[in-house]
Amino acid sequence: MTIVERAIKWMEDTANDDQHGYDQDDRWGLYGDYDCSSAVITAWESAGVPVKTHGATYTGNMYKIFIECGFVDVTSSICLGNGNGLKRGDVLLNHKNHTAMYCGNGKEVEASINEFGDIRGGSSGDQTGREFLIRDYRNYPWDCVLRYIDDGLYENSVSQLTEHVHRGSKGDCVREVQDLLNVHGYKCKIDGDFGPETEIRVRQFQGDHYIKVDGDVGPITFAALRQLDSYIETIAKEVIEGKWGDGEDRLNRLTAAGYDYKAVQQCVNELLK
């Protein structure tokens, strides 16, 4: 079982066990209850990702620590309105008020509210079946979506990225990185030679996607490139099939849906070559 699956399974199993309800005072499971952030933090800590150990305690500090622990911000590839692009295990975060995890099949799981519709004062356990629950996805609204980079994301890579690539690296893996950068609109020459231009584009991509900016393409940067590329390609194929209109209408519809129009159009051009 992957780390991602262990984390989301913990959330689902806890939601399906009425011994676990919602409380914002006794929130770390001592009497069975959690609040939204302690539940998500505990799920990942239990799965082996030390987010609590590194100091994550509530929605306001989760983002920074989750990023430091191997998550990437994939918000730009998600349509928050309907959840298109979400993957099982994605962390849904509103920095100020709430967090949940996406289960797949249009569902999310979360610690929500106690039996009195309040955050404190209820009895231990789930009195209503909706204190800690699996529900249909909805845009809370979410500020961002975080995705843990699991080894399973590299299965279709030509290189498996067993080593980092950086300034001076050459070969097929560098060429793939350059190709992915171009698909996302970070223009550089595709020649398999990791030179200054490629490093500049890598740093820009990392900065735009909240990854440590070091110009070094390790597993987190590489997987982020591939994950975003996979989703953009799906939308690009729909564009080619005529599902998103044409001309200005296409631009307006893709933009309104929250998609990166330039990246999608670039991928359309590549697919039509």
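A salt bridge here is a side-chain nitrogen of Lys or Arg within 4 Å of a carboxyl oxygen of Asp or Glu. In this predicted model, Glu108, Glu110, Arg135 and Arg138 are tied into a network of such bridges. The total by this rule is 17 salt bridges.

Start with helix H1, which spans residues 3-15. Lys9 bridges to Asp13, with the closest N and O atoms 2.8 Å apart. The two residues lie four apart in the helix, so about one helical turn separates them. Lys9 is partly exposed, at 33% relative accessible area. Asp13 is partly exposed too, at 40%.

Glu12 reaches elsewhere. Its salt bridge is with Arg88, and the closest N and O atoms are 2.8 Å apart. This pair links distant parts of the chain: Glu12 sits in helix H1, while Arg88 sits in the loop between strand S1 (71-73) and strand S2 (91-94), 76 residues apart. Glu12 is buried, with 16% relative accessibility. Arg88 is partly exposed, with 29%.

The loop between S1 and S2 also holds Asp90, which pairs with Arg147 of strand S6 (residues 144-148) across 57 residues of chain. Arg147 counts as buried, because its relative accessibility is 4%, under the 20% limit. Asp90 is buried as well, at 1%.

Now turn to the surface. Ile240, Leu271 and Leu272 form a nonpolar patch there, with about 260 Å² of accessible area together. Leu272 lies in the segment after helix H8 (261-271). Leu272 is exposed, with a relative accessible area of 56%.

Definitions and conventions
Residues are numbered from 1 along each chain as its sequence is written. This is a predicted model: local features need pLDDT of at least 70, side-chain atom pairs count only at pLDDT 80 or more; totals for chains, interfaces and linings use all residues. Side-chain values use heavy atoms; hydrogens and water are left out. Patches are made of residues with over 30% relative accessible area and no salt bridge: like charges are joined within 9 Å, nonpolar side chains (Val, Leu, Ile, Met, Phe, Trp, Tyr) within 5 Å. Accessible areas come from the Shrake-Rupley method with a 1.4 Å probe; for residues, only the protein chains shown count as cover. Buried means under 20% relative accessible area, exposed over 50%, partly exposed in between (1.4 Å probe, protein chains only).
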